[in-house]
Structures are given as structure tokens and as C-alpha cells.
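User: I'm new to this one. Can you walk me through it?

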Amino acid sequence: MKREDVLRSTPYPMLIGGREVASVSGKTFATYDPSNGRKLADVCEAGPEDVDRAVAAAYDAFHGPWRDVLPKDRSRMLMKLARLLESKVEAMSWLECYDAGKPIAASRAWLNGAPGTLEYYAGILLGLAGETLDVSDRTLFDYTVREPLGVCGLIVPWNFPLSIALLKMAPALAAGNCVVVKPSEVTPLSTVELGTLVAEAGFPPGVVNIVNGPGDPVGMALVRDPRVAKISFTGGTVTGKKIFREAASTVKRLTLELGGKSASLVFADADLGKAVGVAYNDMVRNSGQVCGACTRLLLHESIADAFIEALAAKLRPLRIGLPDDPATEMGPLVSPVQLARVTDYLEIGRNEGANIESYSDPRSRPELAGGCYIAPTLIRGATNAMRVAREEIFGPVLTVIRFGSEEEAVRIANDSSYGLAACVFTSDASRAMRMTRSLSAGTVCVNTGVRSSVDAPFGGFRESGLGKERGKEALLDDTQIKNVRYGLA
Ligand code: TXE
């Protein structure tokens with residue numbers, strides 16, 4: 001689909017109290033196409049009074065009609081929203097192709113799975129229940145109830161805009177909460193379009209609200225608002241820590257899905273073809289802008305050279321191109337800011353003494369001029385002490401570190417402030433089991449890449465975050481337990 005077929009010519013509105021509205025101030029901001037730097041659309045920018053209205057609408061809906069909606073009816077609404085979204089997947093895929101620079105084939109593949117997020121939570125919410133407790137006092141009948149939290153503020157990043165918005169909205173709504181969603185200011189368009197479907201799906205006004213604008217002040221206003229019971233945030237660790245600090249003043253519930261520097265451990269007895277394929281994917285998928293990607297490639301010294309040769313051979317013919325070309329395998333980074341960040345890290349690695357090896361030269365191609373393109377790059381000869389091995393780069397870049405023994409590999413993998421995921425490649429089942437116990441990360445994968453799915457919990461250890469997204473854990477994290485003690489005598 002062409003740009004003009006999927007883009008609005010008027011400013012993208014906000015959704016407050018069931019109505020598409022402009023901001024009180026009339027202010028707007030622009031979003032840009034990262035493949036050429038041209039302006040795509042204007043978006044209404046929330047001021048404090050708009051955030052206040054959105055939170056008030058959510059608060060009133062929660063304490064009004066939404067509270068008494070039966071679980072089966074919430075489930076029906078989520079299913080209806082899934083069906084409505086399904087009919088829009090093609091248009092949404094093109095929107096994210098332009099707004100986030102995603103190659104259209106990949107964008108479509110990701111968003112084809114998006115209705116499934118709503119369906120999953122529509123299903124499992126029906127099993128939400130408390131329990132009866134056999135307490136030691138026979139004059140009491142004691143039971144627990146799982147209740148919703150109230151208003152949830154959902155702060156979404158730009159790497160998978162609609163998918164992550166849904167991963168936050170679906171469990172929050174399934175649990176009976178009302179939500180105020182703040183999409184990334186870099187990629188808000190698909191989430192605004194999702195907002196046009198919620199009324200038709202049957203959600204009462206105010207249950208879903210969407211406000212646009214920069215993290216500070218718009219996201220921060222949600223974090224500070226005492227009427228907001230929970231913040232679910234996906235983004236960088238630096239921002240996550242700010243939110244953690246600020247949320248303390250109102251003791252908010254938090255789910256924080258932050259950065260990673262996950263390790264992939266490849267042993268000499270591994271299926272190298274498979275391990276190379278996973279490393280390739282970790283670089284190329286979404287131009288490496290994936291928090292769960294294993295960006296530290298730990299290679300046993302006996303296979304390291306052969307591994308890198310095989311990976312380089314796969315990377316050289318990689319089709320880097322315009323996102324709207326169906327043949328494109330890797331598009332640009334999301335923004336000039338992200339391009340500068342990744343480029344800076346390559347310079348940092350060079351200054352730290354590592355070898356920087358890039359496998360193509362997209363900047364020499366005139367048709368890509370003005371876009372946020374960068375070549376897939378390996379940082380070789382690195383040690384785990386270097387910044388390029390310790391900090392998240394978030395581009396098509398892997399840092400390669402060699403190891404000699406299993407113990408050394410585990411020590412390097414766990415020596416990180418992050419703990420999002422880890423991968424092990426080995427044909428030795430006993431070693432694989434030892435690794436799953438020793439690796440300190442929220443997801444450990446054996447002989448496969450980190451591919452999260454809606455039905456399995458995902459969330460990191462240490463500075464990679466708090467709580468879980470996906471799985472039944474996300475639903476439970478969006479509830480609170482009330483204990484009822486009923487005196488019988
Ligand atoms: O993210 P931010 P940025 C990592 C990645 C990237 C780095 C910075 O390493 O290079 O973060 O990216 C909102 N109060 N990830 O700066 O700032 C913001 O508007 C409340 C990992 O783009 O974390 C957006 O909606 N909200 C990651 C969202 O937070 C604030 C995905 C993410 O922005 C805020 C993206 C504030 N003070 C980046 N400041 C992952 N875990 O997948 C910003 N925001």
C-alpha cells in the first residue's frame with residue numbers, strides 16, 4: 001500500500017473518554033520516515049491537562065460501568081477487538097513499515113500474530129480466580145479474590161509499537177483494569193489507529209485512552225499521577241530507573257521490561273549451522289533493535305574462526321533496502337538518534353581496542369541516502385570488560401568474545417548488569433541442563449534463539465527489569481489479591 005493510502009492527512013488524534021480529540025493546547029509534533037528522513041504525519045501532542053483528562057476518564061470508567069462488567073463480557077470484547085484488528089493487519093503493517101522503517105514482509109509477519117495476543121488473554125482471563133484457605137482458625141471462612149488494580153499507565157517503545165502496546169493492553173483489560181496508553185513519540189501511528197477500534201469492540205468510553213507525546217512530560221505525568229495504580233513500561237534501563245524512582249512516591253505497581261546484553265554460548269559440539277542462523281537473526285531481525293537478541297556472542301575458541309566465517313558469508317548477500325520493497329531483509333534503524341547511538345558505540349569499541357567489521361556499505365547507495373541505515377557489524381577481539389560488551393547497543397551489532405572452558409563461558413555470560421535472556425548451543429544434553437541451571441537470565445534457550453511468544457512469561461533478572469510480560473504471569477501482575485476473612489461464630 002502506498003503512503004497516501006494508509007496515512008491520515010490530518011493530525012493523528014488522541015483517544016480520551018471514548019472520543020478522538022486534539023490536545024487542549026492545539027499543539028502537534030511530527031513523525032518521520034526513517035528510510036528517507038521525510039516527514040510522515042502530524043500527531044496531537046498531549047499537555048498536562050490532556051493527561052489529566054485521560055486519567056480522569058480511565059478513573060471514572062473504572063469506578064463506573066467497567067467495574068461490574070462480567071469476565072465473559074470482557075473476554076468477548078477482547079475477542080471482538082482481535083477480529084477487528086485482523087481486518088486491519090495489512091494497513092497496520094504498512095503503517096509500521098513507514099513509521100518504524102520495518103521491511104514490509106517482516107512487519108506483516110509480526111503483526112499477523114498481534115490478534116493472537118488479544119485472543120490469548122480473552123481465553124485465560126476466564127480462569128482468573130482466588131482460592132479458599134484452610135486457615136488455622138475454625139471460626140473463619142477465609143478466601144482470596146483477585147481484583148483489578150484500577151488505572152494502568154502503559155508506556156510503549158518504538159521497536160514493536162503495536163505488538164508491545166497489545167502485550168500491555170490485553171492483560172490489563174483482561175484483568176479488569178482501565179488503561180492510558182502512551183505510545184512512543186517516534187512511532188505512534190499504529191497505536192492511534194488501534195484506538196479507533198475499541199468502541200466498536202464494545203469497550204465503554206474511558207476504558208482505553210491514548211495520549212501522545214514525549215516521555216517527559218507526557219509519560220512522566222502518568223508515572224506521577226496518584227490515580228494511576230500501575231505503570232507498565234518497556235524501554236531503556238536509564239528511563240526505567242527514572243520511572244522506578246518516581247513511582248516510589250505513590251508506591252505504584254510496576255512492570256519494567258528493560259534492556260539486555262544477552263549472551264549466546266556456542267560450544268564446539270554445537271550444530272554450527274543452527275547457531276550461525278540464530279546469530280544472523282539476532283543481527284538482522286528488526287535491524288537488531290530487539291531487547292531479547294543475544295548481542296554477546298560467546299564462541300568456543302576451537303570453532304570461533306569457522307563460525308565467524310560462516311556468519312560473514314550469510315551477512316554479505318543480505319538485502320538491505322527500502323522498507324516498502326518486499327525483497328528487503330533489513331531496513332534502517334528507527335531514527336537518526338538511534339543511528340547516532342549505534343555509530344557512537346562502534347567508535348567506542350574501536351577506541352577500546354576491538355576490531356570493527358562491517359559486512360556491507362548501505363551509505364554508499366544513493367537510493368538509501370537520507371535514511372538511518374547502518375551495516376551489520378561484528379565487534380571482534382572484545383573482552384567482557386569493554387563497554388561494547390556491557391552496554392546495550394540496539395542495532396545490527398554483535399560483540400564477539402572467545403572462551404576456553406564451560407566455567408569461563410558461564411562466568412562471562414553472568415557477568416552483566418543485565419539478565420534478560422541467554423542461549424546455549426551444544427549437542428551434549430547434560431551440559432545443556434547444567435547451563436539452564438547456571439545461567440542467570442529470565443529466559444534461557446537451548447539450541448534455539450530467543451523467540452518470545454504470548455503464552456510464555458518474558459522478563460529479565462537484575463537491571464533488565466521487574467515482573468513479567470506475556471504468559472499468565474502478566475495477567476496476574478495486573479491484579480491484586482484481596483483476602484476476605486468471614487467470621488462464622
Ligand atoms: O527509549 P526510552 P529510547 C533501549 C535501547 C535504546 C535505549 C534508548 O538500548 O538504545 O533504550 O531508547 C518513554 N518518563 N530500548 O530513548 O527513553 C518514551 O516516550 C516516562 C530498549 O527511545 O526508554 C517511550 O514511549 N516515559 C527497549 C518509551 O518511554 C518516558 C525498547 C521508551 O523510551 C520517559 C526501546 C520518562 N522520563 C529502547 N522518557 C526494549 N526493552 O525493548 C522516555 N519515556
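Analyst: Here is a quick tour of sheets, a helix and some single residues. This is a predicted model.

User: Start with the seven strands. In what order do they form the open sheet?
Analyst: The order is β14-β15-β16-β13-β12-β18-β19, and the pairing is mixed. At the edges are β14 (355-358) and β19 (443-446), each pairing on one side only. From one strand to the next, the twist averages 20°.

User: What holds strands of a sheet together in pairs?
Analyst: Strands pair through backbone hydrogen bonds, either parallel or antiparallel.

User: In what sense do β15 and β16 pair?
Analyst: Strand β15 (residues 377-380) and strand β16 (residues 397-403) are parallel, with three bridges. Look for I379, which stands opposite T399 in β16.

User: And β12, which of its faces are covered?
Analyst: Both faces of strand β12 (residues 263-266) are covered. A263 and L265 are buried on one side, S264 and V266 on the other. Strand β13 (residues 296-300) pairs with β12 in the parallel sense over four bridges. There, S264 has L297 of β13 as its bridge partner.

User: Next, the three strands. What order do they take in their open sheet?
Analyst: That order is β5-β6-β22, with antiparallel pairing. The edge strands are β5 (132-133) and β22, and each pairs on one side only.

User: How many bridges join β6 to β22?
Analyst: Nine bridges join strand β6 (residues 140-148) to β22. L140 stands opposite G487 in β22.

User: Which residues make the nonpolar surface patch?
Analyst: F141, Y486 and L488 make the patch, which covers about 340 Å². Y486 belongs to strand β22 (residues 479-487).

User: On to a helix. Which residues of α6 are buried?
Analyst: In helix α6 (residues 114-124), these are A114, P115, T117, L118, Y120, Y121 and A122.

User: What do they pack against?
Analyst: The buried residues of α6 pack against α3 (71-86), α4 (89-100), α5 (104-112), α7 (161-174) and α17 (471-477).

User: Single residues now. Is S464 buried or exposed?
Analyst: S464 counts as buried because its relative accessibility is 0%. S464 sits in the loop between β20 (461-462) and β21 (465-466). Beyond its neighbours within four places in sequence, S464 has contacts that include L256, E257, S417 and Y418.

User: And T448, where is that found?
Analyst: T448 is in the loop between β19 and β20. T448 counts as partly exposed because its relative accessibility is 39%. Setting aside neighbours within four places in sequence, T448 touches V278, C423 and F425.

User: How far apart are T448 and F425?
Analyst: They are 23 residues apart in sequence, and 7.6 Å apart in space from C-alpha to C-alpha.

User: Now the backbone. Is the peptide bond from D216 to P217 cis or trans?
Analyst: The bond from D216 to P217 is cis, with omega near 25°. P217 lies in helix α9 (residues 215-224).

User: What is the phi of F394?
Analyst: The phi of F394 is near 65°, a positive value in a residue other than glycine. F394 lies in the loop between α14 (387-390) and β16. With a relative accessible area of 14%, F394 is buried.

User: What about R470, what is its phi?
Analyst: R470 has a positive phi of about 75°, and R470 is not a glycine. R470 is in the loop between β21 and α17. At 16% relative accessibility, R470 counts as buried.

Notes
Residues are numbered from 1 along each chain as its sequence is written. This is a predicted model: local features need pLDDT of at least 70, side-chain atom pairs count only at pLDDT 80 or more; totals for chains, interfaces and linings use all residues. Side-chain values use heavy atoms; hydrogens and water are left out. Helices (H or I, at least four residues) and strands (E, at least two) are DSSP runs, numbered from the N terminus. Buried means under 20% relative accessible area, exposed over 50%, partly exposed in between (1.4 Å probe, protein chains only). Contact means heavy atoms within 4.5 Å. Patches are made of residues with over 30% relative accessible area and no salt bridge: like charges are joined within 9 Å, nonpolar side chains (Val, Leu, Ile, Met, Phe, Trp, Tyr) within 5 Å. Accessible areas come from the Shrake-Rupley method with a 1.4 Å probe; for residues, only the protein chains shown count as cover. A salt bridge is a side-chain nitrogen of Lys or Arg within 4 Å of a carboxyl oxygen of Asp or Glu. Two strands pair if DSSP finds at least two bridges between them. Axes are lines fitted to C-alpha atoms, for helices over the stretch in contact, and angles run from 0 to 180 degrees between N-to-C directions.
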